[in-house]
Amino acid sequence: MLRANQLVGFGAGSAGGGFTFTQSAASEWSGTLSDYTFNGSHIEGGGPSAANAGIRSDATFPGDMAFDLTWKIDIPDSQAACGVFNNAEPTASWSGSLLSGNMNNMGTNNAFWWQSTSSTNMHVYSGGTLDGTIDNPDVNDVMRIRRAGEVWTLEHDVGGDGNFSVKQTFSGTNSAATFRIHVCMYAANDDINSVQFGPAA
């Protein structure tokens, strides 16, 4: 199961680490919302189609941005997927009923995402291109998808102390496009407790 937790001091609308973060709430998302329970910042999958039920951010990001998740418990042998995709993709390209959100069928420059495939491994993709396989983070570590100029990176903050290091540079590039965020839980009762996302401050 995956939990994402608000970084300390990074409340809604406040700046932290060079970004203006928004704390996730039901009003921030579209997609298969009926398969999630929103209670403040706590989001729990549990609807009738909770397996592979995806949601996407209503907020869009035309420039430098970051999307953070904090690991709260070890993921068992289930899966989760998170990423960003080009808002110019046709509406039908994104799917709320696929773990990947159909980002694997978007262009290399149009989707940047990861999928946790087991309790130990995370696959990192640009569109349908596998850029690499990395170890899942430990409890309380933060994973960040970040755009700076044309470069998209997946970054890791051990223990949530604010010090990020690059784990993977995505092979695709895109400096001008507007992006949305995708989150998908694999099974009912997987939890997200506050996703943080926002543009560069």
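1. Let's start with a pair of charged side chains. Arg144 forms a salt bridge with Asp68, and their closest N and O atoms are 2.8 Å apart. The term salt bridge here stands for a side-chain nitrogen of Lys or Arg within 4 Å of a carboxyl oxygen of Asp or Glu. This pair links distant parts of the chain, since Arg144 sits in strand β12 and Asp68 in strand β7, 76 residues apart. Strands (E, at least two residues) are DSSP runs, numbered from the N terminus. Both Arg144 and Asp68 are buried; buried means under 20% relative accessible area, exposed means over 50%, and partly exposed lies in between (1.4 Å probe, protein chains only).

2. A word on what you are looking at. This is a predicted model, in which local features need pLDDT of at least 70 and side-chain atom pairs count only at pLDDT 80 or more, while totals for chains, interfaces and linings use all residues. Residues are numbered from 1 along each chain as its sequence is written, and side-chain values use heavy atoms, with hydrogens and water left out.

3. How many salt bridges does the structure hold? There are 2. Arg146 counts as partly exposed because its relative accessibility is 29%, whereas Glu155 counts as buried because its value is 7%.

4. Glu155 has another polar partner. The side chain of Thr153 makes a polar contact with the side chain of Glu155 at 2.8 Å. Such a contact is a pair of N or O atoms within 3.5 Å; within protein, one must be able to donate a hydrogen and the other to accept it, and residues adjacent in sequence count only if both atoms are side-chain atoms. Thr153 belongs to strand β13 and is buried, with a relative accessible area of 8%. Leaving aside neighbours within four places in sequence, Thr153 is in contact (heavy atoms within 4.5 Å) with residues including Arg144, Arg146, Val166 and Phe170.

5. Now for the nonpolar side chains. In soluble globular proteins, nonpolar side chains tend to be buried together. A nonpolar core is a set of buried Ala, Val, Leu, Ile, Met, Phe, Trp, Tyr and Cys residues joined through side-chain atoms within 4.5 Å. The largest one here has 29 residues, of which Phe67, Val84, Trp114, Ile145, Trp152, Leu154 and Ile181 touch the most other members. Strands that each supply at least two residues include β7 (65–70), β8 (80–86), β9 (111–116) and β15 (179–185). The largest share, 4 residues, comes from β15.

6. Not counting residues up to four places away in sequence, Leu154 touches Trp114, Met122, Ile145 and Phe170, among others. A second, separate core of 7 residues includes Phe85, Trp94, Met103 and Ala111.

7. Next, trace the open sheet. Its 7 strands follow the order β3-β6-β15-β8-β9-β10-β11, with antiparallel pairing. Two strands count as paired if DSSP finds at least two bridges between them. Because β3 (29–31) and β11 (129–135) stand at the edges with a single partner strand each, one side of each has no neighbour in the sheet. On average, neighbouring strands are turned by 20° against each other, direction ignored; axes are lines fitted to C-alpha atoms, and angles run from 0 to 180 degrees between N-to-C directions.

8. Which residues of β8 lie on each side? Ala80, Cys82, Val84 and Asn86 are on one side and Ala81, Gly83 and Phe85 on the other, all of them buried. With 7 of its 7 residues buried, β8 is therefore largely enclosed by the rest of the structure. Antiparallel bridges join β8 to β15, 7 in number, and Phe85 stands opposite Arg180 in β15.

9. Strand β9 is mostly covered too, with 6 of its 6 residues buried. Ala111, Trp113 and Gln115 point one way, and Phe112, Trp114 and Ser116 the other. β8 and β9 pair in the antiparallel sense over 6 bridges, where Cys82 has Trp114 as its bridge partner.

10. Finally, follow the chain onward. A hairpin of 4 residues joins β9 to β10, and these antiparallel strands share 5 bridges. Ser116 stands opposite Met122 in β10. β10 and β11 also pair in the antiparallel sense, over 6 bridges, with Gly132 of β11 as the bridge partner of Val124.
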